[in-house]
Amino acid sequence: MFTGIVEDLGTLREVRRGSESARLRVATRLPVAEIHDGDSIAVDGACLTVVARSSDSFDVEASRETLDCTTLGERRPGDRVHLERAMRLGDRLGGHLVTGHVDGTGSVVATTHRGPSLEVTYAAPPPVARYLIPKGSVTIDGVSLTVNGVERDRFHVMLIPHTLEVTHLGRRRPGERVNLEADLIGKYVERLLKPAEQP
């Protein structure tokens with residue numbers, strides 16, 4: 001489980017692709033000595049498992065499912081990625097409950113400067129758009145954000161100067177894809193209210 005509060009903006013150092021998976025090496029300023037094989041780390045919002053470490057980087061494996069359902073399959077060496085280690089019991093929940101299970105990819109539609117902040121409009125696929133509500137939460141590339149407005153399959157968020165400084169969201173241009181995770185609570189409420197499906 002994660003909170004959507006980015007701990008570091010890492011850099012993809014190496015991408016080794018196989019027929020059904022890819023191994024990513026990520027350079028980071030996180031204390032690698034405190035990271036262990038088997039730990040979960042969210043990379044641009046996708047929960048991945050650490051399989052190796054060096055003094056300033058770690059390796060994770062991305063399955064074919066992950067590559068198909070996220071933007072990680074498009075990433076190249078030199079790309080920046082948001083990193084967050086799994087939360088520990090008792091940690092502050094600074095963002096919202098994030099699983100690291102990406103629901104789908106959306107895309108940047110438009111950006112508008114609002115003083116020192118940046119308003120960004122995204123397009124979301126139906127499986128994500130159905131859970132978006134004004135003032136609700138959404139995770140974009142692993143970043144917990146508040147939804148400012150919703151119009152059918154589009155929604156708006158405001159990136160404040162701090163978010164622009166510590167994430168890569170402000171550098172995304174119209175047409176670029178992003179990983180989206182809808183609010184976990186909304187998904188559970190829908191499931192509980194839906195009539196049980198017959199096997």
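Trainee: Why does Leu97 count as partly exposed?
Mentor: Leu97 has 34% relative accessibility. Buried means under 20% relative accessible area and exposed over 50%, with partly exposed in between (1.4 Å probe, protein chains only). So Leu97 counts as partly exposed at 34%. Before we go on: this is a predicted model, where local features need pLDDT of at least 70 and side-chain atom pairs count only at pLDDT 80 or more, while totals for chains, interfaces and linings use all residues. Residues are numbered from 1 along each chain as its sequence is written, and side-chain values use heavy atoms, with hydrogens and water left out.

Trainee: What makes Met1, Leu93 and Leu97 a nonpolar patch?
Mentor: Patches take residues with over 30% relative accessible area and no salt bridge; nonpolar side chains (Val, Leu, Ile, Met, Phe, Trp, Tyr) are joined within 5 Å, like charges within 9 Å. Met1, Leu93 and Leu97 form such a patch on the surface, with about 250 Å² of accessible area together. Those areas come from the Shrake-Rupley method with a 1.4 Å probe; for residues, only the protein chains shown count as cover.

Trainee: Why is the contact of Arg25 and Glu14 called a salt bridge?
Mentor: The term asks for a side-chain nitrogen of Lys or Arg within 4 Å of a carboxyl oxygen of Asp or Glu. Arg25 and Glu14 meet at 3.5 Å, N to O, so the pair is a salt bridge. Arg25 lies in strand 2 (residues 21-27) and Glu14 in strand 1 (residues 8-17), so the pair ties together parts that are 11 residues apart in sequence. Strands here are DSSP runs (E, at least two residues), and helices are runs of H or I, at least four residues, both numbered from the N terminus.

Trainee: How do you know that Asp59 and Arg23 form a salt bridge?
Mentor: Their closest N and O atoms are 3.0 Å apart. Asp59 lies in strand 5 (residues 57-63) and Arg23 in strand 2, so this pair ties together parts 36 residues apart in sequence.

Trainee: Is Asp59 buried or exposed?
Mentor: Buried, with a relative accessible area of 2%.
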